[in-house]
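This briefing concerns the aromatic rings of a protein model and the contacts in which they take part. Please keep the structure in view while reading.

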Amino acid sequence: MRKILSITLLIFSVFSCKKDIDDTPNGGLISQLTPEQQVDLQIKNFIWKGLNSYYLWQADVPNLADTRFAPSLAQTNFSNKEYVDFLRGSQAPDDFFHSLLNKSSKFYKEGYIDRFSFITNDYLALEQSFAGVVYSSGMDFALSRYGSQGGVFGVVRYVLPDTDAAQKGIKRGDVFIQVDGQALTVNNYRQLLFNDKTSMVIDINRIQMVNNQPTIVSENRTVTMEKKSIKENPVHISKVIEKGNHKVGYLMYNSFVADFDLQLNEAFAVFKSEGITDLVLDLRYNGGGRVSSAVYLASMITGLSKENVFARERWNDKLQPAFKDSDITNYFADKIIKEGVSYPINSLSGLSRIYILTTNRTASASELVINGLKPYMSVIQIGGTTTGKNQGSITLYDSPAGYNKKDINPNHKWAMQPLVLKIVNKDGKGDYTNGITPDYIIEEDWANFGELGQETEPFLAKALELITGINVSGKSMPTQPLMPAKPLADSKTYNFGANEMYK
């Protein structure tokens with residue numbers, strides 16, 4: 001916490017001079033604006049100045065240049081007609097924000113270098129999301145296309161304990177093609193699944209082999225799913241598997257949420273007391289989260305001292321010179337600090353290798369852990385190529401006190417989560433914008449999904465085979481999946497921070 005605070009104070013000292021008395025709409029050019037128009041201007045002023053100060057690619061966006069509004073940045077206030085006219089364009093705040101992002105087509109055929117910066121008109125919901133709170137029935141699912149008429153079906157990936165989905169017997173591999181009596185399509189799945197309704201009715205199907213083809217077969221029943229705010233514990237499965245001369249720790253970890261750092265530490269306390277010889281870390285559904293939690297996880301795995309570098313940050317050219325090396329270097333840790341209390345980290349010193357399970361939904365802080373561990377141990381990656389997000393973000397609020405929540409503008413709840421830093425490992429390596437490629441490629445197969453945490457589940461079975469030399473399933477994996485999992489979206493897609501790495 002001290003490190004984050006020191007960075008905040010440092011940045012505030014660098015940019016505090018940019019707050020100008022004319023930033024408050026109290027006459028002059030905007031005296032004829034309605035109160036609503038004045039608030040719109042305040043929001044866009046916050047967006048432009050925040051991105052001008054912090055955005056990783058600020059130097060590459062002409063409309064964010066320090067000299068964009070003559071004669072200088074000091075004049076970008078509400079007495080500058082050119083600046084006011086620029087802000088008062090017809091765009092809504094979110095469209096204005098997106099118009100200022102880096103859209104160079106140098107790297108991505110869809111035309112964006114920045115695929116991940118976002119803005120919200122409700123920072124309270126954003127904060128809840130970062131704390132692991134989701135509005136859900138407890139059913140985590142993926143969506144995929146099927147048929148030739150734009151059909152969509154959902155497949156349950158896992159179910160959270162003590163939720164409505166768990167109580168009603170929903171399980172991994174269940175399939176639904178209807179919600180509230182309507183067939184899911186590419187045109188309506190967002191409206192049917194991602195909304196504020198307190199319940200939904202789904203049909204239950206399973207994937208079965210019919211005439212040697214995987215087929216969605218109805219169970220002729222429906223289930224009413226009640227939705228509410230749920231705080232998901234990302235330590236989803238933690239167990240020890242004894243196989244031959246090996247004690248294998250298996251951990252399915254689904255998000256880097258600081259509120260559950262101690263639960264993560266408790267899982268490693270069990271691994272340590274059991275004397276595990278090998279570790280399988282399942283990050284296949286982990287889209288990222290808090291950098292500090294990634295540091296803690298890496299420290300639990302390695303037991304390295306706090307003098308060792310885990311990762312280094314690179315901010316934009318305006319900010320980078322203002323930092324001390326210690327401000328932008330993430331070291332391994334030997335303790336977790338929560339509310340002023342210190343908890344020793346339970347570490348597995350002595351492991352020379354780790355097996356990490358991934359898919360294309362593995363992103364951000366998950367990729368940071370993979371990349372950060374590589375200089376120190378053998379990282380054996382199994383599954384699919386990861387998302388490819390090697391940048392981090394911070395939350396910016398509309399406040400004169402360094403964009404934090406002190407003296408926050410009471411007139412609106414907009415906040416930004418722009419990419420502000422690139423992160424590399426101890427050896428300076430971190431160019432994986434196309435994803436990190438696995439050593440052993442396995443594609444998820446909805447016709448052979450398996451039970452998470454069970455030795456015969458295909459991803460875990462492959463890891464156990466590499467560790468022990470034993471084919472635990474007793475059969476060879478098919479060379480091609482019968483029903484390859486190619487998600488169109490999933491239950492986390494529209495959550496804030498779904499693919500985040502943030503400080």
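**Aromatic pairs and charges over rings**

In this predicted model, the count of aromatic pairs comes to 20. One of them joins Trp-48 and Tyr-83 in an edge-to-face arrangement, with 5.5 Å from centre to centre and 75 degrees between the planes. Trp-48 belongs to helix H2 (residues 35-54) and Tyr-83 to helix H3 (residues 81-87), so this pair ties together parts that are 35 residues apart in sequence.

**Burial of the Trp-48 and Tyr-83 pair**

- Trp-48 has a relative accessible area of 0% and is therefore buried, a term that applies under 20%.
- Tyr-83 likewise has a relative accessible area of 0%, so this residue is buried.

**The Tyr-55 and Trp-57 pair**

- The ring centres of Tyr-55 and Trp-57 are 5.7 Å apart and their planes stand at 70 degrees; the pair is edge-to-face because plane angles over 60 degrees count as such.
- Tyr-55 and Trp-57 are both buried.

**A cluster of rings**

- Trp-48 and Tyr-83 also belong to a cluster, linked by ring pairs, that includes Phe-69, Phe-86 and Phe-96.

**Charged ends over rings**

- Arg-172 places its charged end over the ring of Phe-449, at 3.6 Å from the ring centre.
- Lys-426 has its charged end over the ring of Tyr-376, and the distance to the centre of that ring is 5.9 Å.

Note on methods:
Residues numbered from 1 in each chain as written. Predicted model: local features only at pLDDT ≥ 70, side-chain atom pairs only at ≥ 80, totals over all residues. Heavy atoms only, no water. Phe/Tyr/Trp six-rings, centres within 6.5 Å; stacked < 30°, edge-to-face > 60°. Helix = DSSP H or I, 4+ residues; strand = E, 2+ residues; numbered from the N terminus. Buried < 20%, exposed > 50% of the residue type's maximum accessible area, 1.4 Å probe, protein only. Lys NZ or Arg CZ within 6 Å of the ring centre and 35° of its normal.
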